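Biologist: I would like the terms checked against their cut-offs. Can we go through the structure with that in mind?

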Amino acid sequence: MAPRLKLFIPLILFAAMAVFLFRGLSLNPQELPSALIDRPLPQFELPALGQERVLAREDLLGEPALLNVWATWCVACRVEHPYLQQLADSGVPIYGVNYKDEDGAAGRWLAELGNPYRFNIADRDGTLGLDLGVYGAPETYLLDADGVIRYRHVGVVDERVWETILQPRYLQLAAGGDTP
Amino acid sequence: MTRRLLCLLGLALLALSLPVAAVIETYEFSDPALEERYQLLSAELRCPKCQNQNIADSNAPISKDLRKLLHQQLEAGASDEEILDYMVARYGEFVRYRPRFDGATAVLWLAPALLVLAGVAIALLTLRGRRRQQTEDAVELSAAERQRLQQLLDKTEHDS
């Protein structure tokens, strides 16, 4: 290499590092891909919240749906609740997992704020949460008609998240598309 | 003097007590070997919520759950491999501080070795270049030059 060109090596190294570091600024390290993407929803047998029946994996099959993990102790869940209600009103099926919560408190919450869920799985000890790899509410899973987990969103579902991330995948599944 | 010694001793004891404070809740183990494995595994498993802590010293609810689970599985006789597989199946390779070697983690495992090799290579090349420079500088003097050098040296000796 000509000695003149050698002088540019530090500049090139700097530019390469700057590109990577700049990219790093806009990445979210909290965003972990779920280990269960494209895997079937785990089996479970848990009581329904406020109902005298036992729910299992089979109760969630049949059409693409959202599975929302929430709890009354979770502040962000209260934030996303009105938007979930709006989605449910527009016809999106939403199932709830009441995660490590008390049935009484959860019942009051639904009576007070409205109930966007078709039914709620009462996961009092967090066993289903553990099998799902939940690490903090709220988390929202997108299931296809066969109960396969297609996407996991950690954090609040609001209009932006729904329109840019979840809705395109949901519509594709609803239209019979295979993978988003 | 004795007072100062006592102070120092107190400080030393304080340093000793810090690792003990890292344990949040205590579990009873039927076998001390299980407890040892519990300590090792809880130090290696990473908290999915608070990402730069292991589950041994994180007090996030999820870490507490995972510690409880770890205790149950150890008491039930699961091997280290089984426990790690169980955790990875739910939380992904992320949950281990020493992830398995595969396509996605190859860069992570190999980069340090490659960087050291690159460093050694650069050092060797630089040193060799410098040595060549030195040998080039040390040119033999011709007879005329040597004579002139001697004259100059003699001259400075006379002057001083």
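Modeller: A:N98 stands opposite A:A122 in β5(A). This is a predicted model, where local features need pLDDT of at least 70, side-chain atom pairs count only at pLDDT 80 or more, and totals for chains, interfaces and linings use all residues. Residues are numbered from 1 along each chain as its sequence is written, and chains are lettered from A and ligands numbered from 1 in the order in which they are written.

Biologist: What makes β4(A) and β5(A) a pair?

Modeller: Two strands (DSSP runs of E, at least two residues, numbered from the N terminus) pair if DSSP finds at least two bridges between them. β4(A) and β5(A) have 4 bridges, in the parallel sense, so they meet the definition.

Biologist: Why are β5 and β7 of chain A said to stand at the edges?

Modeller: The open sheet has 5 strands in the order β5-β4-β3-β6-β7 (chain A), with mixed pairing. β5 (120-123) and β7 (149-154) each have a single partner strand, so one side of each lacks a neighbour in the sheet.

Biologist: Which residues of β5(A) point one way and which the other, and are they buried or exposed?

Modeller: A:N120 and A:A122 point one way, A:I121 and A:D123 the other. In a regular strand the side chains alternate between the two faces of the sheet. All four residues are buried, a label that requires 20 or more other C-beta atoms within 10 Å of the residue's own, with C-beta atoms placed from the backbone.

Biologist: What does A:Y99 touch?

Modeller: Its contacts (C-beta atoms, placed from the backbone, within 7 Å) include A:V69, A:W70 and A:D123, not counting residues up to four places away in sequence.

Key:
Two residues are in contact if their C-beta atoms, placed from the backbone, lie within 7 Å. A residue is buried if 20 or more other C-beta atoms lie within 10 Å of its own, exposed if 12 or fewer, and partly exposed in between; C-beta atoms are placed from the backbone.
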